[in-house]
Amino acid sequence: MDGYRVLIADDHDEFRRGLEALLAATPDVEVVGTASDGAMAIALALDLQPDVVLMDLHMPRVNGIDATAQIVGSSPHIGVLVLTMMEDEESVFAAVRAGARGYLLKGARRGEITRAVQAVGAGEVIFGPGIADRVMAYFAGARSRPVADAFPDLTERERVVLGLIAEGKENGEIARQLGLSIKTVRNHASNIFTKLQVAHRAQAIVKAREAGLG
């Protein structure tokens with residue numbers, strides 16, 4: 001592709017302009033629009049179809065969580081990268097459940113922000129260092145419960161595949177470990193995402209680890 005088309009959604013004018021200047025000077029990144037509230041972000045995202053939406057969480061009219069859910073629900077190919085002051089676990093996991101593929105704090109360095117935009121635009125999932133630590137701590141303290149009770153719609157094979165996904169294994173590793181083809185693993189993963197009602201791998205990992213897998 002020629003580059004990543006980015007929409008910036010933030011209600012602080014000065015910060016939004018700073019992001020726009022930063023990204024405008026970044027190779028392979030084009031800022032296609034800016035929004036000062038969540039409702040505007042939804043409308044522009046659905047109209048412009050950017051590759052990435054850089055999303056603040058605390059915004060007027062529609063908050064960033066609800067805006068993310070509506071954007072991803074309508075256009076799942078759009079990658080939402082949260083950039084916010086909110087670092088509590090509730091906000092982090094609400095954003096991931098809504099479909100966000102990345103989460104950074106506003107104190108992140110300029111290089112971290114541009115790398116994250118490019119990573120999310122390329123389909124990757126990324127968390128800032130401080131957020132990654134919180135995610136791991138949350139998972140380490142998560143209570144286990146029987147997987148069959150947590151995911152009654154999954155087959156036994158799908159539960160095994162989900163457990164390996166939750167451990168961070170990629171499809172190729174899972175295929176080798178279970179003696180399956182990569183295509184079969186992809187099909188299992190697709191069925192799992194549908195049954196768990198998640199948009200992508202990161203959301204599936206969150207749900208699985210909260211249930212005690214991984």
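**Exercise 1. Identify the residues in contact with Ser-91, leaving aside its neighbours within four places in sequence, and describe its setting.**

Solution. Step 1: contact means heavy atoms within 4.5 Å. Step 2: with the neighbours within four places in sequence left aside, Ser-91 touches Leu-57, Ile-65, Met-86 and Tyr-103. Step 3: Ser-91 belongs to helix α4, residues 89-98. Helices (H or I, at least four residues) and strands (E, at least two) are DSSP runs, numbered from the N terminus. Step 4: the relative accessibility of Ser-91 is 8%, so this residue counts as buried. The classes are buried (under 20% relative accessible area), exposed (over 50%) and partly exposed (in between), with a 1.4 Å probe and protein chains only.

The model is a predicted one, in which local features need pLDDT of at least 70 and side-chain atom pairs count only at pLDDT 80 or more, while totals for chains, interfaces and linings use all residues. Residues are numbered from 1 along each chain as its sequence is written, and side-chain values use heavy atoms, with hydrogens and water left out.

**Exercise 2. State the order of the strands in the open sheet and determine which strands stand at its edges.**

Solution. Step 1: two strands pair if DSSP finds at least two bridges between them. Strands of a sheet pair through backbone hydrogen bonds, either parallel or antiparallel. Step 2: the open sheet has 6 strands in the order β2-β1-β3-β4-β5-β6, and the pairing is parallel. Step 3: β2 and β6 (126-127) are the edge strands; each has a single partner strand, so one side of each is left without a neighbour in the sheet. Step 4: within the sheet, β1 (residues 4-9) pairs with β3 in the parallel sense over 4 bridges. Ala-9 has Met-55 of β3 as its bridge partner. Step 5: β3 also pairs with β4 in the parallel sense, over 4 bridges. Here Val-53 has Val-80 of β4 as its bridge partner.

**Exercise 3. Is strand β4 enclosed by the rest of the structure or open to the outside?**

Solution. Step 1: strand β4 covers residues 79-84. Step 2: Gly-79, Leu-81 and Leu-83 point one way from β4, whereas Val-80, Val-82 and Thr-84 point the other way. Step 3: the residues on both sides are all buried. Step 4: because 6 of the 6 residues are buried, β4 is largely enclosed by the rest of the structure.

**Exercise 4. Locate Asp-28 and Gln-49 and examine their phi values.**

Solution. Step 1: most residues other than glycine have a negative phi. Step 2: Asp-28, by contrast, has a positive phi, near 70°. Asp-28 sits in the loop that joins α1 (13-24) to β2 (29-35). Step 3: Gln-49 is not a glycine either, and its phi is positive at about 50°. Gln-49 occupies the loop between α2 (38-48) and β3 (52-55). Step 4: the relative accessible area of Gln-49 is 29%, so this residue is partly exposed.

**Exercise 5. Describe the positions of Lys-207 and Glu-210 in helix α11.**

Solution. Step 3: neighbours within four places in sequence aside, Lys-207 is in contact with Phe-151, Leu-196 and Val-198. For Glu-210 and Ala-150, 60 residues apart along the chain, the C-alpha separation is 9.5 Å.

**Exercise 6. Compare the radius of gyration of the protein chain with that of a compact globule, and describe the chain as a whole.**

Solution. Step 1: the radius of gyration is taken over C-alpha atoms, and the globule rule is 2.2 Å times the number of residues to the power 0.38. Step 2: for 214 residues, a compact globule would have a radius near 17 Å; the protein chain has 18 Å, which agrees. Step 3: the C-alpha trace spans about 50 × 35 × 30 Å along its principal axes. Step 4: the chain contains 11 helices and 6 strands, and 48% of its 214 residues count as buried. Step 5: among contacts between residues at least 6 apart in sequence, 66% join residues at least 24 apart.
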